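Work through the exercises below with the sequence and the model at hand. Each task is followed by a worked solution.

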Amino acid sequence: MKVALVSINDWSNLGYLLAKSLKSVGVDAVATSRIKHVFGYPEQAEIWETEEDFHKYVDDADVVVFMHSQGIYFDWGDKDLFVFHTGTLYRENSRALRGAFSIVKGTIANHYDFLEPGDHWLMRPIDTKSLQPEYRYKKLKFAHYPRHPEVNGYERVKSVVGKCGCNFISSTENVSWKENIERMRDCDIYIEQLAGHDTGMTSLEAASLGKVVITSFKGLERYEKEYGKCELLIANNEEELEKQIKYVMDMNQGELKRKKKATRKWVETYHSFESIGKRFKEILINS
């Protein structure tokens, strides 16, 4: 089986990471995108500029996955087609996009709040081998670097943190992926968001770096049934965020280090390339 994950813009480098996940479990997979990623990931999907380029990546594929709810017009013949719904495009146009992809063999979503009957829920993978942890104490330093401040609840986070009086640094400056990883390294606790939607890629990156992670996640109960015990600290509103911050502030250094290691172990167990690749392969074969 050969799989092509295709997109116009591979947001969060997700198509590329999913291709690597499939490769890790023995599946021939390639990710291709029309646009190079703005965040400057050191590795990302193969770029296609012409129809001839596109043919190179998809002609011999048995399975095609349309990433990020992005359809691409092409004569797909007898290939098995899947769509992966994720991100703002789907959130703002879900009904129209559901109709546009009604002929696909299977529908995959990575957000709990996107799931509909018959969908497969596939969470994101993370490169845990590249993003290695370090557990040095940073004087109980909290950090928050939202890519989209309005969506991620930046002002709400700052308001709650201000009440708690903790050692906190934040910035809304959009930097390269590598720069963002380095500034996340320099904290003990990473607050990803306070929002009405699921946790994102940044929470997995922070967890892989060995940070305690606080984030919003409405699908926790189902996640723990389908995946396993989650080590993220969940805060879906201001009161819960304040409670989680104070919970961490009450930890001694030994307790904090144990929580950091547990968070890293969780992301290795359930979101490594091999773990997500196995789930993805089963979806593609059994749909």
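**Exercise 1.** Find how many helices and strands the protein has.

Solution. Take DSSP runs, numbered from the N terminus: H or I of at least four residues for helices, E of at least two for strands. The protein has 12 helices and 12 strands. This is a predicted model; local features need pLDDT of at least 70, side-chain atom pairs count only at pLDDT 80 or more, and totals for chains, interfaces and linings use all residues. Residues are numbered from 1 along each chain as its sequence is written, and side-chain values use heavy atoms, without hydrogens and water.

**Exercise 2.** Compare the radius of gyration with that of a compact globule.

Solution. For 287 residues the rule gives a value near 19 Å. The protein has 19 Å, so the two agree. Next, take the principal axes: the C-alpha trace spans about 60 × 35 × 35 Å.

**Exercise 3.** State what share of the residues is buried.

Solution. Buried means under 20% relative accessible area (1.4 Å probe, protein chains only). Of the 287 residues, 56% qualify.

**Exercise 4.** Describe strand S11 and its pairing with S10.

Solution. Start with the side chains of S11, residues 212-215. Val212 and Ile214 point one way; Val213 and Thr215 point the other way. All four are buried. In a regular strand the side chains alternate between the two faces of the sheet. Now pair the strands, which takes at least two DSSP bridges. S10 (residues 189-191) and S11 are joined by three bridges and run parallel. Tyr190 stands opposite Val213 of S11.

How values were computed
Rg over C-alpha atoms; globule rule 2.2 N^0.38 Å. Buried < 20%, exposed > 50% of the residue type's maximum accessible area, 1.4 Å probe, protein only.
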